[in-house]
Amino acid sequence: MLVNREGRIAAVGPERDVPASRGAESFHFPGSVILPGLVNAHTHLELSGIAAPIAESDFYAWLLKIRSFKESLSYQDFLAAAERGLKESWRHGVTTVADTGTSGAVLEVLLRLGGRGIYYQEVIAPHPDQARAAMEELDRFVTEHWSRLSGGVRLGVSPHAPYTVSPELFRAAVDYARGRALRVSSHVAESRAEVDLLVANRGPFAESRRLRGIPAPQPARSPVEWLWQLGVLHPGFLAIHAVQTDYGDIEILARSGCSVVVCPRSNAAHGHGAAPIGRYLEAGIPVALGTDSLASVPSLDLLAEARQAARLAGLRPGVLIRMLTLGGARVLGLDSEIGSLESGKWADLCVVRIGGDAAGSEDRAASAVIEAAPEQIVATFVGGRRVHGLPV
Ligand SMILES: [Zn+2]
């Protein structure tokens, strides 16, 4: 493979067909495969400073603990955590992150360190009276950072979830994003508690809202249908988790052109169940994988996520690798730029040492990649620049 000065792929093929020009820097990776860099389609890297996942079996209690953990952190803490998280991602072969945050630290770190990703600024305010202030804050954030964005670092908007964002704010945030061609992501249909609130106005979320004087949500058949009724689902919408869905929801997601990112280890850790990945794929819905944050899972190892997905949905290694690369690029609207090894795309690469035996057949190589331990990821490149792995 040849990479040009700009950091894009210039040619792909065996060495005899794509000879390097004199003086070009060259790398050799014996017993290894070169893959498109992996796409972690859902993270919260600003939480990467946490010592270990928060062990709390009740999801509502877990959310309260996360909130108080975040309130204990300074902007410097968020920055340090974001940097640690981005470097950890590179170590795991991840070259693009779709990150959701409130502090803005991940955007800052992506720009400073030359990472690639979409940083979704979160809006969260369940009372309709808070909507205007939340939108003003979002606008301030976007305006402040707009001129600093580069091709590799983009902004998105993330209304946190149907149970934490009023209908007024959800609509306003999505309208705002669409008006500026920003992508949208939201935690959707994650827990039973969310379903209980939106379907029947009961359960821990309903109880807490009653105590705080927050109006009950308009009832719907499911969280996905609640969003559909709001009119916020559209092709730039990435539904995070999407565990509590049925055939009707899958049809709505497919019809509105939405994508899904599943986080199987996080869902298992919180006892939410498992997203119906196979049904999403059958319905033609683009599906990617995400780790979620280190407050839920023990590592940012996306291949571990793929192995969990394989156990749940019986997916073949080739399908998983596609979800981790081009599939991830597609759910972020970046598939013309990254996700495959083609001339003109960015040279975002992940090099996995699989040993000579597995290299002979495509199937064996694919399964060796999925089974790879973190230390087998010997190098990671973003835009042709080596960001992980010592020269060999
Ligand atoms: Zn999340």
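Guide: The crossing of H4 and H5 is right-handed, meaning that the near helix is turned clockwise from the far one by less than a right angle. This is a predicted model: local features need pLDDT of at least 70, side-chain atom pairs count only at pLDDT 80 or more, and totals for chains, interfaces and linings use all residues. Numbering starts from 1 along each chain as its sequence is written.

H4 covers residues 131-145 and H5 covers residues 167-179. Helices here are DSSP runs (H or I, at least four residues), numbered from the N terminus. The two axes come within 9 Å and cross at roughly 25°. Axes are lines fitted to C-alpha atoms over the stretch in contact, with angles from 0 to 180 degrees between N-to-C directions. H4 and H5 are therefore roughly parallel to each other, a label for angles under 35 degrees.

Now the residues. From H4 come Ala 131, Ala 134, Met 135 and Leu 138. They meet Glu 168, Leu 169, Ala 172, Ala 173 and Tyr 176 in H5. Contact means C-beta atoms, placed from the backbone, within 7 Å. By class, this contact has eight nonpolar, no polar and one charged residues. Nonpolar covers Ala, Val, Leu, Ile, Met, Phe, Trp, Tyr, Cys and Pro; charged covers Asp, Glu, Lys and Arg; the others, Gly among them, are polar.

An α-helix has 3.6 residues a turn, so residues three or four places apart point the same way.

Technical notes:
Helices (H or I, at least four residues) and strands (E, at least two) are DSSP runs, numbered from the N terminus. Angles under 35 degrees count as roughly parallel, over 145 as roughly antiparallel, 65 to 115 as roughly perpendicular and the rest as oblique. Two residues are in contact if their C-beta atoms, placed from the backbone, lie within 7 Å.
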